[in-house]
Amino acid sequence: MEGHQGHEPDDRTVSKMTRNDDMDKEELKQRCLNVIEEHQDEIIALGKEAYKTPELGFKEFRTGKLMEEAFLKLGLEPETGVSYTGCRVSSGPKGNGPRVAVMGELDCIMCDSHPDAAEGGMVHACGHNVQLANMYGAAIGILTSGVMEHLGGAADFIAIPAEECVDYEYRNRLMSQGTIHYLGGKQELMYRGGLDDTDMVLQCHMMEMEPGKCCILDTKGNGFISKTVHFLGKAAHAGFAPEQGVNALNHHSQTLQAHARINILMLQLCIMAMSVIIKLGKYIVPYLNIAVAVAAHRTSGFSAAKGLASVVIYL
């Protein structure tokens, strides 16, 4: 379960997770909260430190190291190399209850206009640095307070890479090398078996709230499939032998128009297809080599990722 969706477990669920009755649910919660309060300065500092060094997906080497070192300071032994640049700590064997994972995302986006944007426009404008701080705080509360002694099941805390689908060329290169198999970190984690024993995943996302609200539980998230298409042209003289040429830019434009027409139909099914030009060739127009990433979203809401592009097109 990802996003803001979640439900307070009822008494039956709690009884299945509890190994003994010497502490009730509220006492266990308070013990977690007390430890989190004691470490609040460290938690906030970690989020601010991650904000200073934004990194794109599968490039989060500094941020991944930051999380490893933070876990080590708590006396925890992180598993490294999770989905390439991520890490994970765990309470241990699953036992007789569910395994619940809490995730925080490592990567940033590109937004040149953001006042805090680093070189290349990289910035944590989606608040993933806050996700990491939240996940770290939850790990402190669950793993260092002693509450797991009173609970069945297990808890994992995962710093996961590559949530934003950008930087296609770099990721396609990693895939061709066999370093990764999917463009996204969560999909890569599933491919590697990292969630095979997991019953539930919890994650939060940052968003602006109206006054008086701290969180909401009923938001929706986007799922998508991403493809990369190359349009290759063939040179010919436009005045003497235009029929012998293939204009890649024209073919690309026709494809975009087809997408626009298809979208009219697909939107009835809450599916949105969009394209992002991520690279233009360096030669004259007939030789133009255009790589286009096409993402189809199965949701009524949609968002477009900006790739390494000279042109970004929203359909």
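Which backbone nitrogen does the side chain of Ser-145 reach? I looked this up and found the backbone nitrogen of Val-147, at 3.5 Å. I took a polar contact as a pair of N or O atoms within 3.5 Å; within protein, one must be able to donate a hydrogen and the other to accept it, and residues adjacent in sequence count only if both atoms are side-chain atoms.

I note that this is a predicted model, in which local features need pLDDT of at least 70 and side-chain atom pairs count only at pLDDT 80 or more, while totals for chains, interfaces and linings use all residues. Residues are numbered from 1 along each chain as its sequence is written, and side-chain values use heavy atoms, with hydrogens and water left out.

**Entry: the loop between H5 and S6**

I placed Ser-145 in the loop that lies between helix H5 (128–143) and strand S6 (154–160). Helices (H or I, at least four residues) and strands (E, at least two) are DSSP runs, numbered from the N terminus. Ser-145 counts as buried, at 12% relative accessibility. Buried means under 20% relative accessible area, exposed over 50%, and partly exposed in between (1.4 Å probe, protein chains only). Apart from neighbours within four places in sequence, I found Ser-145 in contact (heavy atoms within 4.5 Å) with Arg-31, Cys-32, Val-35 and Ile-140.

Gly-153 belongs to the loop between H5 and S6 and is buried at 6% relative accessibility. I recorded a C-alpha to C-alpha distance of 4.6 Å between Gly-153 and Pro-98, which are 55 residues apart in sequence.

**Entry: strand S3**

How many residues of strand S3 (residues 99–105) are buried? I found seven of the seven, so S3 is largely enclosed by the rest of the structure. On one side I listed Arg-99, Ala-101, Met-103 and Glu-105, and on the other Val-100, Val-102 and Gly-104; both faces are covered. In a regular strand the side chains alternate between the two faces of the sheet.

I then looked up the partners of S3, where two strands pair if DSSP finds at least two bridges between them. S3 and S6 run parallel and are joined by seven bridges, with Met-103 opposite Ile-158 in S6. S3 also runs parallel to strand S7 (residues 200–202), through three bridges, and Val-100 stands opposite Met-200 in S7.

**Entry: nonpolar cores**

A nonpolar core is a set of buried Ala, Val, Leu, Ile, Met, Phe, Trp, Tyr and Cys residues joined through side-chain atoms within 4.5 Å. The largest has 24 residues, and those touching the most other members include Met-67, Leu-132 and Phe-157. Helix H3 (40–52), helix H4 (61–73), strand S2 (86–90), H5 and S6 each supply at least two residues of this core. H5 gives the largest share, seven residues. I also found a second, separate core of eight residues, among them Val-82 and Leu-195.

**Entry: helix H6**

In helix H6 (residues 168–176), I found Tyr-168, Tyr-170, Arg-171 and Leu-174 to be the buried residues. They lie on the same side of H6, because they cover an arc of only 165° around the axis; the arc is that of the directions from the helix axis to the C-beta atoms. After H6 comes Gly-178, with a positive phi near 80°.

**Entry: cysteines**

I searched the whole structure for disulfides (pairs of cysteine sulfur atoms within 2.5 Å) and found zero.
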